[in-house]
Amino acid sequence: MKPSRNRFPFRSQPGAADEDGPSKSPSLYLTLDIDANHNQRVVFQEIRTRKRVTRSELANITGLTKPTIVNVSRQLLQAGLIVEAERATLGRGQPAWVLELNPDGAYSVGLNIDRDHLTLVALDLSGRIRGRVSAEIGFALPDETKSFVADAWQSLATRSKIPLSRVAGLGIAMPDDLGTLAFPGKPPAYSAWAHIDVAGLFRSTYQGPTFVENDAVAAAIGESQFGHGLDSPSFVYILISVLLGGGIVINRNYFRGENGRSGEIGFMQVKTPAGVTCSLQDVVSLGALSERLKSDGIMIARPDDLTHLDGSGAMVVDEWLEEACGYLTSIFAQIRQFIDPDAIMLGGRLPEHLLDRLATLCQQRQEDARSAQWIDVRRAKLSSDAPAIGAAILPFQNFLLPSLEMLERF
Amino acid sequence: MTNSQPQIARRLKASLSGTNLELTGDYNQRLVYQAIRTRGPITRNALTELTGLAKPTIAGIVKRLVRSELVSETGRIYGGRGQPAVHLEANPEGCYSIGLHVDEDQLSLIVVDALGHPVRRSTTRLPSSPRTRVNEFFQHQFVDLTMGIHRERIIGLGVAMSDNMLSGRNSDAGTATNAVGIDLMALSEIARDMPIYIDSDLAAATAGELLFGVGATLQTFYFILLDVRPVGGLVMHQALFRGAHPSHKRFLFPDAELAWCRKAVAMEREARRGHQAPPDADESWVEAACNDLLPLVISINCLLNPGGLLLGGRFPQEWLDVLAERCNELLLERAPQIPSHAGIQAARLGADVTLVGAASLPMRARLSPIGEALLKGHDHGN
């Protein structure tokens, strides 16, 4: 599903042939060879995360030689991904040039398909959301999704004023087994998702590089590059949506496991107070919460409804939060024993204030237990639209950001 | 101030630093040596294909490796036309490494050859008397075990000790001693001019299994080091992930010491002392062990989807095998719904995993194509 060639999707300036690359003829695209590619990613990453940085600082940080830095930064400048800004002179001598990220250098679009909604966001290179379209559609079929994307794409250009020619790619985030997993209320037609080529579905709207990823994985990758992941190189992301998913980031790299099924935290087993063993997502998920509200006669049409509940509804939510915290802390203790990440991040469609309360409850419970198994639990920076934002980051990840996975592809 | 150093190192690693030609050259040499060691006998052409390096690069590296006797040229393949191709093989006597395992109540020393085969070994109970006796033991045994081995062929001393002892060392940096009484300064006196690598028992065990065991064939695995108090860790990209608090020992069963663990460790030790085979594991032992391990195994599968789950440590080898087999059966039976089921198996190095692992630390640091070899400031052992 991934494009086979790793081409730089941005035209270099006309006539400015890549002098450092091995290719003799000036090509339409700046094609990057293996080593240069990795070094470019490393340099770009430093410029992006440090905001303003000089070439000599870059040489110190990355361990690359000064000439390499000069070449690489020229390539990045030509591609329009960074800009040069003169630094105010402090000491003697000529002031050094500072390099900065150019937020408008590239855009990326992310789509989240889930059982209860469709969301499309457009990000600029700094990770800011520049356009967002969302619809609460239950069990949207492929055709409905296709027309949703076509309409949303139009509105990105007209309402959000995004130059579509600079869109680096489309990322799509959706749960595993969307079409096959049994789920209350799932119409038979929904199993169409099991057989469809999702990456090819939106070709009539967008022909560029397209990436498909599990929703929790996308959220975790997004968090690692544009969220709290910059302070916590290793973390476990817990996505509380209709069901519960997870993603694992180790030393800033997504950890997929042997067959890409790592982070299936929703399937981890917990014991209910009644002594029954069940999966975590049976008791901790948006689905579990709305089922419980339903049995009290309170219907939830969208996650937002959870913020406007009356007294009795709020009480049900409070009870559920307490219980969920109990289940989660037992799972967190295991995660701590197994791999000991820097932090656990909570995100997903559960409204932000509830995620915040859940994180605080978990921290408190750990403190009360005075356990040596303490682990940092917090709401993810990218929490509510996390899968869509994460999906939008996939093209950046594939073309611009350093990762072991990219190194190993060659 | 002292705290900032590891953080910088960690950040460097986490952000993937750039690299330069000189370091890449050393890395390529490690890569070729590893390919010969694991795939040999192998021709130069096959090496070119396997590593993706250019032919002249391979030729140059192989020449250096043969000259240093780490690699030997063996049987030619006849049959085709033209000059037959020369096959390359790792020379078992090309280098040796020494491993020291400092356990809570015993000391073990081992010499392994380049292929990880134990050459000589000795074990002693740890005396409760002053540490001079420990040093004496080490001195005697070290001289005994390394007799007849060319000093230049010994590439280093690896020391494995439990994390608790390691952190003890850190807090007492001035004298470099620890609770057990191993005087690390004294070690370097005895093992003169020899690089010393110290790591936790889990890090040593995983390094050993990666180099010489089942780990070499797995992309990722979760390793459970069975002991009186079992610990575990995820191995990925050819290295143990140490977690956010590397100096804290994380027990897999934090609440209690388990009777089945104690029993197995005692059995293994008794059998080794008496030079006899340990008795078979009885059914109640297997059951108790599985009851405790299985929930862990299910959680690890859900969380990490590892390519394999290895059991190693100071249990009788047969007990490890029985335990692995039973866990495999029960996992499929009790948790068929989870998305992945990694095969559970005993580590190939079994009960010796930590000791041979200790000996593999110098080999890993100096001969393996590990990511650190591409970073500035890493020990490139010339």
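Chain A has 11 helices and 15 strands, where helices (H or I, at least four residues) and strands (E, at least two) are DSSP runs numbered from the N terminus. The model is predicted: local features need pLDDT of at least 70 and side-chain atom pairs count only at pLDDT 80 or more, while totals for chains, interfaces and linings use all residues. Residues are numbered from 1 along each chain as its sequence is written, and chains are lettered from A and ligands numbered from 1 in the order in which they are written.

Of the 410 residues of chain A, 47% count as buried; a residue is buried if 20 or more other C-beta atoms, placed from the backbone, lie within 10 Å of its own, exposed if 12 or fewer, and partly exposed in between. Two residues are in contact if their C-beta atoms, placed from the backbone, lie within 7 Å. Among contacts in chain A between residues at least 6 apart in sequence, 65% join residues at least 24 apart.

Chain B has 12 helices and 13 strands. Its 382 residues include a buried share of 42%. For contacts in chain B between residues at least 6 apart in sequence, the share that joins residues at least 24 apart is 69%.

Strand E4 of chain A (residues 107-113) is largely enclosed by the rest of the structure, because 7 of its 7 residues are buried. In a regular strand the side chains alternate between the two faces of the sheet. In E4(A), Tyr107(A), Val109(A), Leu111(A) and Ile113(A) point one way, Ser108(A), Gly110(A) and Asn112(A) point the other way, and all are buried.

Two strands pair if DSSP finds at least two bridges between them. E4(A) pairs with strand E5 of chain A (residues 118-124) in the antiparallel sense over 7 bridges, and a hairpin of 4 residues joins E4(A) to E5(A). Within this pairing, Val109(A) stands opposite Ala122(A). E4(A) also pairs with strand E7 of chain A (residues 167-174), in the parallel sense and over 5 bridges. Here Gly110(A) stands opposite Gly171(A).

The contact between the chains takes 35 residues from chain A and 36 residues from chain B. On the side of chain B that touches chain A, the elements that give two or more residues are helix H1 (4-15), strand E10 (231-236) and helix H10 (283-304) of chain B. H10(B) provides the largest share of this side, 7 residues. By residue class, the side of chain B that touches chain A holds 18 nonpolar, 15 polar and 3 charged residues, with Ala, Val, Leu, Ile, Met, Phe, Trp, Tyr, Cys and Pro counted as nonpolar, Asp, Glu, Lys and Arg as charged, and the others, Gly among them, as polar.
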